[in-house]
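Please have the sequence and the model open side by side while reading. The text below goes from the sheet to the helices.

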Amino acid sequence: MTDSSLDKVLTVAQEAVVAAGMKIRKTVLSSGKMKLSTKSASTDLVTETDEQCEKLITVQIQRNFPDHKIIGEESSGSGQYDLTDAPTWTIDPIDGTTNFVHGLKLSCVLVSHIVNKDVRVGVTYDPYTEELFWAVKGRGAFLKIGNGESTPIHVSTTRSIANAVISMDPGYGRGKVAVQRYCAIQGAILMRSVRNLRVIGCTGLNMAWVACGRLDGGFEEGLREENKGPKIWDFAAGRLLIEEAGGITRDIESPSSPDAPLDLMKRSFFCAANPALAAEILEGIDEGRNRCPL
């Protein structure tokens, strides 16, 4: 795509996420009883607002790019989805739905644009702080707050786990093996004297905060074959933000390829400020996995 085409994609994405964010804030302020249902598990929630926001974003995309494909969380649901070389948008209308349902202001709106299976535009919007994180391939990563100017962001300079704050979410697994494995990995990282751990419950914010240096790393395990873990709409935008902010991602589902970046078609995410820090975190993950293999 040309630079002007990407500029239009970015504008549509930014306007769409801000409009969805206004809808989210309106719902929160109304304090009305929201319609709630579950998808793949009791921990996998969806609300009427999720569906309304996805529709709002979809309409804006289709109005401007009628021939582009769309992979949306609520339209694709917990089923399988395919990614082709065609121009494709991903939408997560409310990433962090559980937080949203419980009144925790830790959710965001995520939109990405992918061409030839490569993320070209990524946008993350926090509707509560009005922080708009965005990146275009090859142009860097930026943060715009409210009506302010966009300013460049960069990952932290932290290279040691002892100085790092890391996010690690448990995902949806609540079975005995999944819980033991999560606790084993958590324990292995704590034993490496990590400065602290956080459970945010929102992949998009995890990755945006690593991109701007608030967190030093973050990850969540999953497995596509078991339909567990974050999906393409959760981390496509974040992958570009991280990379354009100078950080790295890793495919933690493929131990045989330790340096491979996050795979858009898999169900785990991992990001860190730099390779040195990533290596320490990955050692902890491997130790925990060895204690509690699947």
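The model is predicted, so local features are described only at pLDDT of at least 70 and side-chain atom pairs only at pLDDT 80 or more, while totals for chains, interfaces and linings use all residues. Residues are numbered from 1 along each chain as its sequence is written, and side-chain values use heavy atoms, with hydrogens and water left out.

Start with the sheet. Helices and strands are DSSP runs numbered from the N terminus, a helix being H or I over at least four residues and a strand being E over at least two. Two strands count as paired if DSSP finds at least two bridges between them. On that basis 7 strands form an open sheet in the order β3-β4-β5-β6-β7-β8-β9, with mixed pairing. Its edges are β3 (69–72) and β9 (151–152), each of which pairs on one side only.

Within this sheet, follow β6 (118–126) into β7 (residues 131–136). The two strands pair in the antiparallel sense over 6 bridges, and they form a hairpin with 4 residues between them. G122 has A135 of β7 as its bridge partner. The β7–β8 hairpin has 3 residues between its strands, and G138 in the turn has a positive phi of about 85°.

How many of the residues of β7 are buried? The answer is 6 of the 6, so the strand is largely enclosed by the rest of the structure. Buried means a relative accessible area under 20%, exposed means over 50%, and partly exposed lies in between, using a 1.4 Å probe and protein chains only. In a regular strand the side chains alternate between the two faces of the sheet. In β7, E131, F133 and A135 point one way, whereas L132, W134 and V136 point the other way.

N116, in the loop between β5 and β6, has a phi near 55°. N116 is partly exposed, with a relative accessible area of 47%. E130 sits in the loop between β6 and β7, with phi near 60°. E130 also counts as partly exposed, at 37% relative accessibility.

Now look at what lies against the sheet. Helix α7 (residues 232–244) lies across β3, β4 (88–95), β5 (108–115), β6, β7 and β8, running at about 100° to β6. Axes are lines fitted to C-alpha atoms, for helices over the stretch in contact, and angles run from 0 to 180 degrees between N-to-C directions. V123 of β6 is buried, with a relative accessible area of 0%. V123 and A237 are 114 residues apart in sequence, yet their C-alpha atoms are 5.8 Å apart in space. Contact means heavy atoms within 4.5 Å. Leaving aside residues up to four places away in sequence, V123 touches L10, A13, Q14, V17, V109, L110, V111, L132, F133, W134 and A237.

Two helix pairs complete the tour. Helix α1 (residues 3–30) packs on helix α2 (residues 48–64) at an angle of about 155°, with their axes 9 Å apart. That makes the two roughly antiparallel; angles under 35 degrees count as roughly parallel, over 145 as roughly antiparallel, 65 to 115 as roughly perpendicular and the rest as oblique. The crossing of α1 and α2 is right-handed, meaning that the near helix is turned clockwise from the far one by less than a right angle. Residues of α1 in the contact include V12, A16, A19 and I24, and those of α2 include C53, L56, I57 and I61. By class the contact has 9 nonpolar, 5 polar and 3 charged residues. Ala, Val, Leu, Ile, Met, Phe, Trp, Tyr, Cys and Pro count as nonpolar, Asp, Glu, Lys and Arg as charged, and the others, Gly among them, as polar.

Helix α5 (residues 176–190) and helix α8 (residues 275–291) pack at about 140°, with axes 8 Å apart. They are therefore oblique to each other, and their crossing is right-handed. R181, A184, I185, A188 and I189 in α5 meet I281, G284, I285, E287, G288, R289 and R291 in α8. This contact divides into 6 nonpolar, 2 polar and 4 charged residues.
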